[in-house]
Amino acid sequence: MAARNVIRTLIVETPSKPGNLGKVTTAIGAVGGDIGDVTTEQVGPLSTVRAITVHCESEEQLEKVIKAIEALENGIFVRAVSDEVLHAHIGGKIHMTKKMDIRSLADLRKVYTPGVASVCQAIVKDPEKARYYTSIGNTVAIVTDGTAILGLGNIGSLAGMPVMEGKAALFDHFAGISGVPILLDTSDPDEMISTIKHIAQGFGGILLEDIGSPHCFEIEERLKQELDIPVMHDDQHGTAVVTLAAVISACRNAGVDLKNAVVGQIGLGAAGLAICRMFLAYGIKQVYGIDRRKEALDRLASYGGATLNSLEELMQTCDIVIATTGVPGLIKPEMIRQGQVILALSNPKPEIDPEDAMKAGAVFASDGRSVNNVLGFPGIFRGVLNAQAKNISHRMLVAAAEAIAQTTKEGELIPHPLDMSVHQAVALAVEEVALLEQKEIKNTN
Ligand SMILES: NC(=O)C1=CN([C@@H]2O[C@H](COP(=O)(O)OP(=O)(O)OC[C@H]3O[C@@H](n4cnc5c(N)ncnc54)[C@H](O)[C@@H]3O)[C@@H](O)[C@H]2O)C=CC1
Ligand SMILES: CC(=O)C(=O)O
Ligand SMILES: [Mg+2]
């Protein structure tokens, strides 16, 4: 089944007679529309109005659905078509709010002047107190230059704002962290690094998001060296953590020894190269990759991976195939080898739909909606902020991946993203490693 990225709510009016809803749903299903929610908006003596959410593969299929409903005639028609996703974004998805009541003048003078001045002075005396008396220690900047927004390409940071707001909403929901989108209008590494360094003191951590390769590598490396707060490029390490977790689960389910499995990576950009590095560091011996860019292949070789000549060769060679190219439909069903694990992780559309991959013989298949860095970044930052860690180490990332794999139910690749216990398990695992590393540093000094 192809991805159903066209989601619309149809406002459908029918005569108030039993059986009409059944006729409508049958008509939708007959042309391949997938029904989500159905709510009754209005019931009158003569007619009933319902909002029916329909998931379609394309605008063309949506048109067919509308025509199929209207072809029922006898007083059945589509009154309106609303785009729920666009509608849900009106006014944005986040809002900064206060934690203290402002009901009296006394409250006002505590929250703001003159009371607040004494807090400023306490921070002047001891800058460390800023963590205690402000929200800085619980706030993460979500920084993008807009050069690799999902798989949509270099569409600019303004157009990337809905994604950044989404990450902020997820930070709040899954980890109680305030995420603040920062849209940069430069993708020059020196300018980006300088800007981020100038604003860093207002944040407990920096999440770099949807910054394209290869400049993302230098930016993250330099910021990690030059700042004393945790910095993580989510498309690299958040994705690598969740992919490692999925692959651990796949091998556990299939009774395969992961370290001896042959892994193939299609697309060696931010996500792909970080996945390869993570796998090699985890002890997986054979990691192969392909990319259109020679520079990306050279990078893989420098990390200890090997390159192959073509997509076809990679599909023939590898037991586990991971794709992060941003190219929908790149993997054809006839390329799938019996028993392969296929993770087609590009958003918003995968390189192959998991159902097509399974039909073609894959033993496990998933896409970027399920194997998604949402399972990693909230808990990772919760853990490092709790521990007041100054960095995010490889050991913390592996601990996060193992925590995700441990919370995955038998027979599945990855836990449900709405299961709060996964995010709590990731946070705890990361915090424990962070505290352990702090102890180790103390002991060696
Ligand atoms: N599921 C998840 O959690 C995540 C998914 N992604 C997805 O991965 C995709 C790539 O993201 P990034 O790595 O940030 O972008 P990127 O631009 O850094 O990397 C894409 C790479 O794919 C290569 N490529 C493109 N077409 C190719 C082809 N036909 N054959 C071989 N290589 C090809 C490019 O040369 C580039 O190196 C996007 O669609 C994004 O949505 C990224 C991060 C997280
Ligand atoms: C999930 C994500 O970060 C991406 O597709 O870019
Ligand atoms: Mg991303």
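Predicted model: local features only at pLDDT ≥ 70, side-chain atom pairs only at ≥ 80, totals over all residues.

User: Where does Asn347 lie?

Analyst: Asn347 sits in the loop that joins strand S13 (341-344) to helix H14 (354-359).

User: Is Asn347 buried or exposed?

Analyst: A residue is buried if 20 or more other C-beta atoms, placed from the backbone, lie within 10 Å of its own, exposed if 12 or fewer, and partly exposed in between. Asn347 has 20 other C-beta atoms within 10 Å, so Asn347 is buried.

User: Which residues does UniProt list under "binding site"?

Analyst: UniProt positions are given in the numbering used here, feature names are shortened, and annotations may be inferred rather than shown by experiment. The unreviewed UniProt entry lists Asn347 and Asn372 as "binding site". They span 26 residues in sequence, yet no two of their C-alpha atoms are more than 9.3 Å apart, so they gather at one spot. Asn372 belongs to the loop between strand S14 (364-367) and helix H15 (377-387).

User: Which residues surround ligand 2?

Analyst: A residue is near a molecule or strand if its C-beta atom, placed from the backbone, lies within 6 Å of it. Around ligand 2 we find Leu150, Asp210, Asp234, Asp235, Asn347, Gly368, Asn372 and Asn373.

User: How do I read a helix such as H12, and which of its residues are buried?

Analyst: An α-helix has 3.6 residues a turn, so residues three or four places apart point the same way. In helix H12 (residues 294-303), the buried residues are Ala296, Arg299 and Leu300. They cover an arc of only 100° around the axis, which puts them on the same side of H12; that arc is taken from the directions from the helix axis to the C-beta atoms. On the other side of H12, the exposed residues are Lys294, Glu295, Asp298, Ala301 and Ser302.

User: What is the average pLDDT of the protein chain?

Analyst: pLDDT is the predictor's confidence in each residue, from 0 to 100. The protein chain averages 96, and 99% of the residues score at least 70.

Definitions and conventions: Residues numbered from 1 in each chain as written. Chains lettered and ligands numbered in written order. Helix = DSSP H or I, 4+ residues; strand = E, 2+ residues; numbered from the N terminus.
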